[in-house]
Amino acid sequence: MSRQARLWLLVGPAAVVVGVASFVLIGTSDHLQAPGLQALVAALTGGSFVAAGLVARTRRPENRTGLLLIAVGFTWFASAGLMGSDESLPWTIGLALSAIPAGFLIHLLLAYPSGRLQSTRERVLVVFGYVLVAEAHFLLLPFDPDPLSCADTGCPTNAFLVSDNEAWRTAANAVVQVVAVAYLVAVAATLVGRWKHSSPAARRALAPVLLAGASTLLLFAVSVGTRSFAETVSSVTDWAASVVVIGVPFLFLTGLLKGRLARADISRVVAEEPVGGVQERIRELLHDPTAELLYARLEPTLTYIDCDGRPREPVAVPGRAVTLIERKGRPLGAIVHDEALCDEPELREQVAAAVGLEIEHDRNLYALQASEHRSRALLEALPDKIFRITEGGIVLDIQESVGPRSSVPTTAEVGKSVYDAPTPRPLIERLMATGRRALHTGDLQTAEWDWGDEGDLRWAEGRFIPSGEDEFLVVVRDISERKRQELERAALHRVALAVASEAPTEQIFNLVAEEMARVLGAHTTNLVRYDPDGETAVVVGGWRTPGALAIPVGDRRSMQGTASHAVARTGRPVRRERGDVGLSPELGELMRDLDINSLVAAPIKLASRPWGAVVATLTSPHSFARRAEERLGAFTRLISLALANEEARAQLAASRARLVTAGDEERRRLERNLHDGAQQRLVSVSVSLRLAQAWLEKDGSSDVLELLSEANDELGFALEELRELARGIHPAALTERGLGPALASLANRASVPVEVEGLPPERLPDQVEAAAYYVVSEALANVAKHADASSVTVRLGRDNAHAVVEVVDDGVGGANPGRGSGLHGLADRIESLDGYLHVESPLGKGTTIRAEIPCG
Amino acid sequence: MQSFLVVDDHPSFRKTARVLLESEGFQVVGEAADGASAIEAAKTLRPDVVLLDIILPDIDGFEVAARLITNGNPPAIVLTSSHDARDFGRLIHESGARGFISKAELSASRLRALLE
């Protein structure tokens, strides 16, 4: 059983018993005027206090106001009931007790609304009050034979009378009245002081009660004060006091529970208020203009901020209390308010709950709005277009993208069917099928399609995502750049494969032309190679779409005024459109003849030198995309690389072939020399010796001597030739005695006079000396064979860390370094040392062979 | 006494061969330094035997042999070279010559063995 229930069970019946007893005593009184009415008033007064006290105690168990109200009620029943008795003693006791309720009432007033006394002054006043009300009659009664001046109406005699001493009676009355009035004044002053120092919220609670209590006390005071002046007045004020007192407990109760009355409005009003006004509304509802609303922030840690965003601590300080706002254990905020509001917990809780709902609602709303803002920003930042389309093909929404890559054209319209869009039907069917597949599988599907023009190929990618039971989103992105790069990579890969497989050059050129046309979307592409004269160029590769006109492969024509010429001159990509101002007459005519509307060309360079150009064309009315010529340029740089590789490979192969040929030739020469020279002679010697042996066996003669002499000669020749051969294979003089003696030896054996100048004083590295020796050796051999010269000058010198060898003859000239293996082999030898061989041989003006060989 | 025509582009060998043949009782009726003059000399001199070097400046010894054999009453042909017989393989056998003697091994006895 709860405390409240026990209270009701204990107090209720007791009040009924005491009340009924009181009612009977008063109602049956012989000395009271209108006893029935008085019984009713007493019952109503006591009953109202007890009832209000029970309700207050039930609703505010922690508050003592209820107990005090009950105490007033009971003492009221007791004193009024006893005073209804016609017997002397009960009547006198009742009279003695009649002021007790006033003591409880004063206690109530001073302790209201908490039921607890706050200060020592209040406690002193309350204690003094109880003493006063308890003692006043005991001070008066012993000297007053008729304390209520009712002897003539038949009221009982004073049972406590000691002495009918008028002087004592007058003095006691005066003392009691003075003390009582002074006391009431002190109580009133205290209450006024409290009122003055109260917050608005506290005043709101105090106002009705203080009014009622004060007026009641005033009536008591008047009642007490008028007692000795006029019975009528006293009687009237007693009645008035009685009637007023019936209502007093309800005023206390109303004040105590007043917070509840506003409850019904709170949620509605708060919910309708904008966030910024919630604090104002809270102040209004709590009647506390100082109340502040703090918002809880959960991240990163729990902190509180006020309406201006300043951090605040939700802690109570003297005079200020805090009511936390929570929802399901989650802190949402706090209200910092006047301490007085602690006495209205229901009001605080109700306001806190309503504000909590509001804050939570706001939070969710903010979170949703923030999420929407983020999503919207995200969508706007994406370079994509987003379509929302039903399964049936109706366009529900189009989100246009912003930014440079949003170039995929929008052909669909919101509210219309995609099938009505001016897009090729097969593409629409394919995309819708992809969208339906996304809907049916629930998975992301993708599709790619091209949408550009010839010469300006573009691609788009659609990502299809289900967005409802019968609708899907299509996120469309321009993927042209990526596709172009893929195409270029694939094209270059194919070219590289062809180059690596050592396909014929012409085939590689044609392949390059086709791949470039594919990448650019061109109608024709040509690769042209400049002729050495710089005037003409020849088409070495080409590709064209069926029906397009093009200059055929192998065609050689003047470059005058052409795009190839502009490319060769500037070394940069060029672009020409039919109708361009400043178009050369030759190019204008060519474009008309071949129905070319747009043309781009870019240089092909080989080892930084112009090698040729690529030219791509489009027929009317098409035009190449912006920067197509640059893309062509990027492409041709890679072609150049492939060509350089190809040429390097060819040069390497040729160089190796020459080396092999030269080696073979050398071996053949050696073999021939051996066969023709030393071998023949040794054979002869061998035969001669065998013959001499045969003759000696027969009979020696002068013939034998002659034969032996010849054999000896042959042996001498053979040895000489072997020495020559050995010298040809490697000059022993060079190794043993250096470049000077070796060159002198060459000069001595030369067919024409040779003058050697500038022999270096010091030895050079072996390979440099050997290379220089062979340059001179080969040059002198050539002079002997072809030059018809009368003299040769060999000059040696140093230049920039290079050894320089120059052989100059005054012969017929016309030597061709590209012909004959001798100079080629020499060039290979010099170049293998990072050197450089230069042959200058104008017809009729002699030949100069100059070699520069790096040497330390 | 058998008559010889010596065909070789090296004068020293022709001289040595002549000394060898004549010392062994053969008659050297002429010498030739290349294929064309050899054929011509064979027509005019009508030697019994042609000592024929295989490597000649113009046409080689096999060709010379083939042309000599196509004429009526051809001479006996003995091929020679400073190379080994193995260098020429089947060509010697198919040439219609009596045989091959390397120059270093040339002697009267080897010649007689081939010509008998």
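The contact between the chains takes 12 residues from chain B and 13 residues from chain A. Contact here has a cut-off: two residues touch if their C-beta atoms, placed from the backbone, lie within 7 Å. On chain B, the side that touches chain A has five nonpolar, six polar and one charged residues. Nonpolar covers Ala, Val, Leu, Ile, Met, Phe, Trp, Tyr, Cys and Pro; charged covers Asp, Glu, Lys and Arg; the others, Gly among them, are polar.

Remember, this is a predicted model: local features need pLDDT of at least 70, side-chain atom pairs count only at pLDDT 80 or more, and totals for chains, interfaces and linings use all residues. Residues are numbered from 1 along each chain as its sequence is written, while chains are lettered from A and ligands numbered from 1 in the order in which they are written.

For the complex, the predictor gives an ipTM of 0.80 and a pTM of 0.39.

Now confidence by chain. pLDDT is the predictor's confidence in each residue, from 0 to 100. Chain B has a mean of 90, and 100% of its residues reach 70 or more. Chain A averages 81, with 91% of the residues scoring at least 70. Over residues 226–233 of chain A, pLDDT is below 50. Residues 260–275 of chain A also stay under 50. Where pLDDT is low, the predicted coordinates should not be read in detail.

Last, the build of chain A. Buried residues make up 37% of its 856 residues. Buried means 20 or more other C-beta atoms within 10 Å of a residue's own, with C-beta atoms placed from the backbone.

Note on methods: A residue is buried if 20 or more other C-beta atoms lie within 10 Å of its own, exposed if 12 or fewer, and partly exposed in between; C-beta atoms are placed from the backbone.
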